[in-house]
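Here is a walk through a two-chain protein model, written for someone with the structure open on the screen. Have a look at it first, then read on.

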Amino acid sequence: MQDVENIVNGQKLFLKPEYQQTLKNKTEFESATGATNPDKVDEIAEWTKTWDYREKNLAREAITVNPAKACQPLGAIMAGLGFENTMPYVHGSHGCVAYFRSYFTRHFKEPTPCVSDSMSESAAVFGGLANMKDGLRNCNAMYKPEHIAVSTTCMAEVIGDDLNAFVVGARENAEGELDDLPITYAHTPSFVGSHITGYDNMMKAMLEQLNPSRKDKVVDEERINIIPGFEPYLGSLAEIKEISSMFSDKIVMIGDHEKQWNTGAGEYHLYAGGTTLEDAKTAINAKTTISLQKYSTVQTAKTIKNKWKQGFETCNPIGLSGTDEFVMKLSELTGKDIPAKLATQRAQLVDAMQDSYPYMHGKKFAIYGDPDMLLGLVSFIVEMGGIPTHVLCHNAPRKGWAKDMQAIIDKSAWAEDCQIWVNKDLWHLRSLMFTEPVDFLIGNVYGKELYRDTGIPLIRIGFPIFDRHHLHRYSISGYKGALNLLTWITNGILDQLDEETKDIAKTDYFFDCVR
Amino acid sequence: MGTETLEELQNKAITEILEVYPAKAAKNRAKHLGVDTPEGVKGACDKTKSNKQTVPGVMSQRGCAYAGSKGVVWGPVKDMIHISHGPIGCGQYSRAGRRNYYIGTTGVDTFVTMNFSTDFTENDIVFGGDKKLKKALGEIDELFPLNNGITIQSECPIGLIGDDIQAVAKWYKKESDTPTIAVSCEGFRGVSQSLGHHLANDSIRDEIMTDTTARKEFETTDYDVAIIGDYNIGGDAWSTRLLLEEIGLRVIAQWSGDSTYKEMAITPKAKLNLLHCYRSMNYISRHMEQEFGIPWMEYNFFGPSKTTESLRKIATFFDEKIQAKTEEVIAKYTKMTDEVIKKYKPKLEGKKVMLYVGGLRPRHVIGAYEDLGMEIVGTGYEFGHGDDYKRTKEELKRSTLIYDDVNEYELEKFVQAIQPDLVAAGIKEKYTFQKMGLPFRQMHSWDYSGPYHGYDAFAIFAKDMDLAINSPVWSHTKAPWETKEEIGA
């Protein structure tokens, strides 16, 4: 029974003897093998750690187990929320939107505005036009957006709803209410690509539909656009803007969702921050657009390069060399020298890397995540002398990514010991970690089950992270972001060293106060 | 609040909210919003429209049929593998978020927090996914040989592209002797999670209730009961089980928190089915009553008043021995819960609470708050039906706002108008209200605490509510140099 002076929740309550007895009583009725034949569980658990299991596991063709990717509309919502007073609108059933909002909200610990038009069986039969007619009007009346960014769920895609015609139809039907409201739309089928594909499709659609055609463009030689991509680290967005501002005040972030998920206490605002619609509508006039996530902007790049005939560059300012390339690119494009402040930041970062290198040097890492983040992170691990033993990307694009990653790994003295795993999931990774173990795992929240099963410590970097607070507020980009990465990884290693050396009178001779 | 009564304030809030909508939507939403009082005749609890299509274009908090079947009913069955059949997203967004606790070796003999997906590509949409599904079933059995069955949970495209998952399930069951159960719970079906619960119940009825293998050799006692509609969120079913065992009953099954295939299959041997979440499992309870003659009763284990009332009611189904033991158990725990109330009530008394949850909680948790002297001034269901609202009426203590399928906009406006001291709803709402400086508790996941069922759990509930309302963090919202303003104004 509870002690009222020391009330405990489930964590400790269920350890009390009466609860342990209850749990034991339950096993009599269970069919789980742990209750009927515990030895068998041990036997199979051991088998899952073998090469034999690994081979069968890697031969899987049809079932995905514990994926490391999500679906298109999730990315479309992030893209939409990068613009001021913009309501992401998902044409499809509302269950999807409940999931998207929960997913972002658990990561950012912030509300996530997004509506759906609640398509149901009747829409499956007759199409979703009626839903869109009502939906856009209601959304406009209640949430007073200045821009609605429409994406789709797989349901709408399978029944073949025509967004262009629907938006036109909804406007005509709205008694003028929607006349001055920009409504952009993108098809974002969940059965193609992943969340980064959805980001790309929505971004491309917004840029194309908000901007005039090429014949009306008025080139501004000084203007540079930066598209951040599907960026779960809000601090990275702030850092990129700060670096940009050191070069020019005409560098514009296109798709800036930093403020939306980082509002203060005191008042709730549905919309916060974002690229101004004025900046969005004149994006075509820039001299160059830089994408910070090459593989989250594959389609967007085509619009910029081919339709707009604008300069297009990709940079990946995660880690030292990635940031070097980014600031040199800004210097080249603006014609300005690298500011002394950045040189100082770089020197400070390198100094820190030289302080901490013994701990990462020669350590083996398994690492998984989105393609562009991985390129930056692996590059940083290699710069530190770490070994990216297993690099796994579930949503790796078909073209180019593996080659780009190999080029980074080739810079490592241990390149031959490293493997790239394309389109593999986290149950594959489990086999890899058992058969070819590493020292540390880097990944998102779902890595914690791998940590539990293999004992290999997880350093949380990626998306989503639901079980640690505020990491998303930090930057992983720029020199300062690299310093954060260095801090998290080095201290993760040192925490583990303490963990392994804390046994009294056994290992604690190495439990040093100075490291 | 000026001189207006609570009821006037509530009615005024509804009128103001409806003014914002276009006419068609206003007409629709008006039927879902109302005020009721304990004395009211034909008030909102009787009149509120529910289980209807959501108005398009709003931020509804509702989920879908897949969420109701895979997420709620089937997902917690721990020794079976549940395939999210279709594109990758649904399984990922619903992975390991509901806190359905279980004991087992995950990935070996139990699988609740994992995500199995057929990860549809364009090819599967164009050419159909049955072939891939067949292959997936075989791969699962090879790599997870200790699974005691597989369910196939349809995502939206399945029902639209003409796949026949029922035939695949039938084929595989025959082929492999593994229970294989297909649920056509496409997300676009119905208006919310609710249809998914029903479809999942039906699939259990057809596939597990008909399997008599385990039942044949099962030795019964006169005291066998099953816990129905408890998903063991934060361990709720375990703290329920303890109490039932203490009064002398034998719990032979949990549905479906920490459940196994066999427990469900032997449930027709129970003497009484105890139904906590009426909304999601009344269907199977009614079925077992009709088919096997098992009576069922609704109970409520939130807060000591309701727990005691429920235990006594449960005991009436059994002999005097059980009834005497029940009184002993009540007496033993009441001493503790009285102390809990003594400790926390002075800090919580008179605090106003607005609820917005799903399932049973919009009415079931009222008693627990009232035990602490807290006052419920608004409540509503994400996916309730008319019978839920009727049952809510009995729990009202004062004029209460009733809102069905309330959306983000409406709830925000209601809270601004009524100014409660605590909002208790879900993750999507949480930070909106915390931004306004309002204490908030998630009442789906127990905000990562719990359990909340039973006497021991009430102590946790009280402690959590005190923590939420009396934390010093809420006092920091205004900077010292700002003048004091009404919160949310």
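## Where the chains meet

Start with a charged pair: E110(A) and K435(B) form a salt bridge, with their closest N and O atoms 2.9 Å apart. Keep in mind that this is a predicted model. Between chain A and chain B the count is nine salt bridges, and 47 residue pairs are in polar contact. On the chain A side that touches chain B, the largest share comes from helix 7 (residues 94–108) of chain A, which supplies ten residues.

How many residues does the contact take from each chain? Chain A gives 101 residues and chain B gives 115 residues. The area buried between chain A and chain B comes to about 9200 Å², and carbon and sulfur atoms give 62% of that area.

After helix 12 of chain B comes G248(B), with a positive phi near 105 degrees.

Now hop across to chain A. T22(A) sits in helix 2 (residues 17–27) of chain A. Is T22(A) buried or exposed? Its relative accessibility is 1%, and buried means under 20%, so T22(A) counts as buried.

## The open sheet in chain A

In chain A, four strands make an open sheet in the order 3-2-4-5, with parallel pairing. Strand 3 (115–116) and strand 5 (183–185) of chain A are at the edges with a single partner strand each, so one side of each has no neighbour in the sheet. Strand 2 (residues 86–91) of chain A is joined to strand 3 of chain A by two bridges, and V90(A) faces S116(A) of strand 3 across that pairing.

What lies across strand 4 (147–152) and strand 5 of chain A? That is helix 12 (residues 195–210) of chain A, which runs at about 140 degrees to strand 5 of chain A.

## A covered strand in chain B

In general, the side chains of a regular strand alternate between the two faces of the sheet. Strand 12 (residues 400–403) of chain B is covered on both faces. T400(B) and I402(B) are buried on one side, while L401(B) and Y403(B) are buried on the other.

Strand 12 of chain B pairs with strand 1 (residues 33–36) of chain B in the antiparallel sense, over four bridges. Strand 11 (residues 375–379) of chain B pairs with strand 12 of chain B too, in the parallel sense and over two bridges.

Most residues other than glycine have a negative phi, and most peptide bonds are trans. A few spots in this model go the other way. The loop between strand 14 (440–442) and helix 22 (455–470) of chain B holds H444(B), and D447(B) lies in that loop. D447(B) is not a glycine, yet has a positive phi of about 50 degrees; at 10% relative accessibility D447(B) counts as buried. P451(B) is also found between strand 14 and helix 22 of chain B, and the peptide bond from G450(B) to P451(B) is cis, with omega near 0 degrees.

H444(B) and R98(B) are 346 residues apart in sequence, but their C-alpha atoms are 7.7 Å apart in space. The residues that H444(B) touches include I233(B), Y356(B), R361(B) and E382(B). N232(B) lies in the loop between strand 6 (224–230) and helix 12 of chain B; its phi is positive, about 55 degrees, although N232(B) is not a glycine. N232(B) has 0% relative accessibility and counts as buried. Over in chain A, the bond joining F463(A) and P464(A) is a cis peptide bond with omega of about -5 degrees, and P464(A) is in the loop between strand 14 (458–460) and helix 22 (478–500) of chain A.

Notes:
Residues are numbered from 1 along each chain as its sequence is written. Chains are lettered from A and ligands numbered from 1 in the order in which they are written. This is a predicted model: local features need pLDDT of at least 70, side-chain atom pairs count only at pLDDT 80 or more; totals for chains, interfaces and linings use all residues. Side-chain values use heavy atoms; hydrogens and water are left out. Two strands pair if DSSP finds at least two bridges between them. Contact means heavy atoms within 4.5 Å. Axes are lines fitted to C-alpha atoms, for helices over the stretch in contact, and angles run from 0 to 180 degrees between N-to-C directions. Buried means under 20% relative accessible area, exposed over 50%, partly exposed in between (1.4 Å probe, protein chains only). Buried area is the accessible area (1.4 Å probe) that two parts lose on being put together, summed over both. A salt bridge is a side-chain nitrogen of Lys or Arg within 4 Å of a carboxyl oxygen of Asp or Glu. A polar contact is a pair of N or O atoms within 3.5 Å; within protein, one must be able to donate a hydrogen and the other to accept it, and residues adjacent in sequence count only if both atoms are side-chain atoms. Lists of a residue's contacts leave out its neighbours within four places in sequence.
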